[in-house]
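Reader: Hi! Could you walk me through this model in plain words?

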Amino acid sequence: MSTFTFEVLVSLKNGLADPQGKAVEGSLPALGWTNVSNVRVGKHVRFDLEATSERDAREQVEDMARRLLSNPVIEDFRILATEGA
Amino acid sequence: MGVTTPRIGVVTFPGSLDDRDALRAVELMGGEGVSLWHADHDLRDVQAVILPGGYSYGDYLRCGAIAAHAPIMQEVAGFADRGGPVLGICNGFQILCESGLLPGALIRNRSLRFICREVWLRVETAGTVVTGDLTPGETIRIPIKHGEGQFVATDDQLARIEGEGLVVFRYSSRDGVTGDEHNPNGATNHIAGVRNAQGNVVGLMPHPEHAVDPDVGPTGGQAVFASLFASAMAGAGA
């Protein structure tokens, strides 16, 4: 068994209102950034996972991303980075 | 267990708010309220289950996402499979969607504001465990109080929901007319509540448990509870 580190990015699907993104976007002009649009705020989940291989680990991460970390009705996810330890 | 008194279970999750109100509504309506605990694998022989409103697990990750995998939900899913009546209110509706017992999802209100007020609901079907005493087209007055109550679904889900008549309640005027001006949260197709194919699992954002006592507000929830009691006494799911 090896330990793998994963990061999963979860974001609201395009077309769904993202109030946090809107609030951040509304605040940036106060600091001078009037050139920013389409701000989206997502979730970042980082964890270590014990698995027999990186492939096995990635399959498990995809499964948990589908079943708990994201809701496929309203969200997309991306598995960002892995590192073996 | 009384012969004519239905045993209605109300699940308490960490962060549930309306569990006590739901139990009180059950008792006011003449039922026996039975408190159920999220960490148990025991439904205590109830004849119907209510998942109440609130902020289970602090709404961490997504509203209802963690509660959907609580130990008691395995029992609730089995009970629902056997035809037992299950009603999810507000956060309970979100939990049912997250657990896959109902289609769709609930996201932030279109206004981005928390809304607390009374609304009119048009009954779309009598074919559920909470609308047996109601007539399609009839309207009832019930309060809402939520920040994330905008019902959405994938295109496939929505086609199924509308095609198979799975909408139970829509936001409307007093006369049953739907329109954006009567839709408090931007819900797709003005949907306030949906059912599963069998009609024994129902979720809605409005709060029938806050609408049973004439001393403190509207009474649109009375028919919902009376229907639920009748379904519970009919014995499915036991």
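Author: Happy to. Helices (H or I, at least four residues) and strands (E, at least two) are DSSP runs, numbered from the N terminus. Chain B has five helices and 11 strands.

Reader: Where does the model come from, and how is everything numbered?

Author: This is a predicted model: local features need pLDDT of at least 70, side-chain atom pairs count only at pLDDT 80 or more, and totals for chains, interfaces and linings use all residues. Residues are numbered from 1 along each chain as its sequence is written, while chains are lettered from A and ligands numbered from 1 in the order in which they are written.

Reader: What pLDDT does chain B average?

Author: The average for chain B is 96, and 97% of the residues score at least 70. Here pLDDT is the predictor's confidence in each residue, from 0 to 100. For the complex, the predictor gives an ipTM of 0.87 and a pTM of 0.94.

Reader: Switching topic, what percentage of chain B is buried?

Author: Buried residues are 57% of its 238 residues. A residue is buried if 20 or more other C-beta atoms lie within 10 Å of its own, exposed if 12 or fewer, and partly exposed in between, with C-beta atoms placed from the backbone.

Reader: Is Ile50(B) buried or exposed?

Author: Ile50(B) counts as buried because it has 30 C-beta neighbours inside 10 Å. Ile50(B) is in strand E3 of chain B.

Reader: And what does Ile50(B) touch?

Author: Leaving out residues up to four places away in sequence, its contacts include Ile8(B), Val10(B), Ala22(B) and Leu87(B). Two residues are in contact if their C-beta atoms, placed from the backbone, lie within 7 Å.

Reader: Now helix H5 of chain B: what should its 12 residues span?

Author: At 1.5 Å a residue, helix H5 (residues 222–233) should span 16 Å, and its end C-alpha atoms are 16 Å apart, which agrees. The expected span is 1.5 Å times one less than the number of residues.

Reader: Which residues of H5(B) are buried?

Author: Among them are Ala223(B), Phe225(B), Leu228(B) and Phe229(B). The buried residues of H5(B) pack against strands E1 (7–12), E3 (48–51), E4 (86–89) and E7 (139–146) and helix H1 (19–28) of chain B. Just after H5(B), Gly235(B) takes a positive phi of about 90 degrees.

Reader: Last one: how many residues does each chain bring to the contact?

Author: Chain B gives 12 residues and chain A gives seven residues.
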